[in-house]
Amino acid sequence: PVALPVTRPPPKPVARVDERTVGGGDVSGIVEKESEPGDGWRRGANIGLWLPRQIVEGLFLATGAAGSLIEDQQVVPRVRDMIDPPAGQIGAFPTALGETQNTFNVGVRMLARARNYGSSLRVGFGSYNDLVLESRLRVTSSAPLAMALGTQAFHQRRRQSFRGLGKQPATDPRNEFTGTERKARYRETRERWLLTYGVRPSNDVELFVSSSLQRRLIRDPRGTSSRALSTVFVPGSVRGPLEQSEFMYSELALRLDTRATRGGPSTGFLLEGYNGLSTGVIDTEGRFGRTGGRTAGFIKILKSSNILSPKIVLDGLYELDGEVPFYELPDQPDYRGVETRIDFVTAVASLDYRWAVGRYSAARLFVDLATAAPSVDRLNFRHLNWAGGFGLDLFSTGSPLGSAFVSVGPDGARLVVSLGSGDAFGDRQHR
């Protein structure tokens, strides 16, 4: 046999390695990395986006873990069994409300149901100055129309803060300060007796008639304090003296809500308007009216469990006779920032993006804008208050059960945690 010659390909060139990298770093076989125009900008953007990227990744991890926990442990079915006991039985479940800058309040709510009758009793305690007692009774009927008749007895003690009127209280000429302090504190004790009637003429339309008698007692904080209401503001300059007042308030509200469910993410839209009259009774003089409304859309983004929700809320108060105490003025309860503003007219615009993370849980990203003015014609977009944040909701098939959110804005950061059956959207009388 004849031996054929063996041919081999020529050896490939080997990249020279910088000896300074041997033993002191990674050996890559590359003397210098190739550079392209714009590398500096990309590196700068990567550094600038590091924190937002970590936040987004953390949100997805947190919401995913919370959703898995709720699903695996059957949290909502167990809570639902407690808040909706079978006829003839009594259920009880814990309630909690925690908020930065306020006392943590914990308690219990007991419920009983018998056919078309229902009752609840709630007790919440945080401290001597943070106490809630509430009792409700309700009668429902489905023929000829769906209706509900309810009563409430309510007692609360709480500590409040007051910065003055307007969206910039520190510079508003209506506020007269005694010194450099711009935030006052006071104690509020209030009782409310409420009667409500609601009827649903169609699936999406609800009509509410309500009347309440509310008594308030405003006092300075216990002990001597440089932040007391009577110390921060010039005596006599604040609307409503530090004494007891009683007002009877009656309201008519109409609501159109096309959402399939009030608990989880659902498409549709909401439109609500209300008008009410408040009159001083017993030893209180004065009359004033309330009017306002809210509109919100719930828009599907890619799939029905992802909802983008823009919302606008407008609340107003107009004087009819006498001077209105400051604590009766609208105070922006829909604003989720640290400090709300008080005035005769307030407006809050919100944008929420909400997505389901489990069968009974959803997460949300939100941003709120708020403003206030002495009248509607003086509303403007200058010096808007704003806050943005992230939240997690817990709900059943028909109603919210609990929520937690954190918000950040120019006034600071706020964390709120709430557990218990929530009130209906826009329910002013039960606030």
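## Aromatic pairs

In this predicted model, a search of the whole structure finds eight aromatic pairs. One of them joins Phe-177 and Phe-233, whose ring centres are 5.0 Å apart; the planes meet at 35°, so the pair is tilted. Phe-177 sits in the loop between strand E5 and E6, and Phe-233 in the loop between H4 and strand E8, 56 residues apart. Phe-177 is buried because its relative accessibility of 17% is under 20%. Phe-233 also counts as buried, at 2%.

Phe-366 and Phe-405 form an edge-to-face pair, with 5.8 Å between centres and 85° between planes. Phe-366 belongs to strand E13 and Phe-405 to strand E15, so this pair ties together parts 39 residues apart in sequence. Phe-366 is buried at 6% relative accessibility, and Phe-405 is buried at 14%.

## Ring cluster and core

Ring pairs also link Phe-162, Phe-177, Tyr-186, Phe-233, Phe-326 and Tyr-327 into a cluster.

The largest nonpolar core has 19 residues, and Phe-162, Tyr-186, Phe-233 and Phe-326 are among those with the most contacts inside it. Strand E6 and helix H4 each give two or more residues to this core. Beyond its sequence neighbours within four places, Phe-326 contacts residues including Phe-162, Tyr-186, Leu-229 and Ile-342.

## A buried serine

Ser-120 lies in strand E3 and is buried, with a relative accessible area of 11%. Among the residues Ser-120 touches, leaving out those up to four places away in sequence, are Arg-109, Leu-111 and Glu-134.

## Second largest pocket

The second largest pocket has a volume of about 230 Å³. Of its 13 lining residues, those closest to the centre are Lys-167, Asp-172, Arg-174, Pro-374 and Arg-378. The lining comprises four nonpolar, four polar and five charged residues.

Note on methods: Residues are numbered from 1 along each chain as its sequence is written. This is a predicted model: local features need pLDDT of at least 70, side-chain atom pairs count only at pLDDT 80 or more; totals for chains, interfaces and linings use all residues. Side-chain values use heavy atoms; hydrogens and water are left out. A nonpolar core is a set of buried Ala, Val, Leu, Ile, Met, Phe, Trp, Tyr and Cys residues joined through side-chain atoms within 4.5 Å. Buried means under 20% relative accessible area, exposed over 50%, partly exposed in between (1.4 Å probe, protein chains only). Helices (H or I, at least four residues) and strands (E, at least two) are DSSP runs, numbered from the N terminus. Contact means heavy atoms within 4.5 Å. On a 1 Å grid over the protein atoms alone, a cavity is a set of points where a 1.4 Å probe fits but cannot get out, and a pocket is an open set with protein on both sides within 12 Å along at least five of seven lines; lining residues have an atom within 4 Å of a point. Grid points are joined across faces, edges and corners, and a volume is the space filled by probe spheres set on the points. Ala, Val, Leu, Ile, Met, Phe, Trp, Tyr, Cys and Pro count as nonpolar, Asp, Glu, Lys and Arg as charged, and the others, Gly among them, as polar. Rings of Phe, Tyr and Trp (its six-membered ring) pair if their centres lie within 6.5 Å; planes under 30 degrees apart count as stacked, over 60 as edge-to-face and the rest as tilted.
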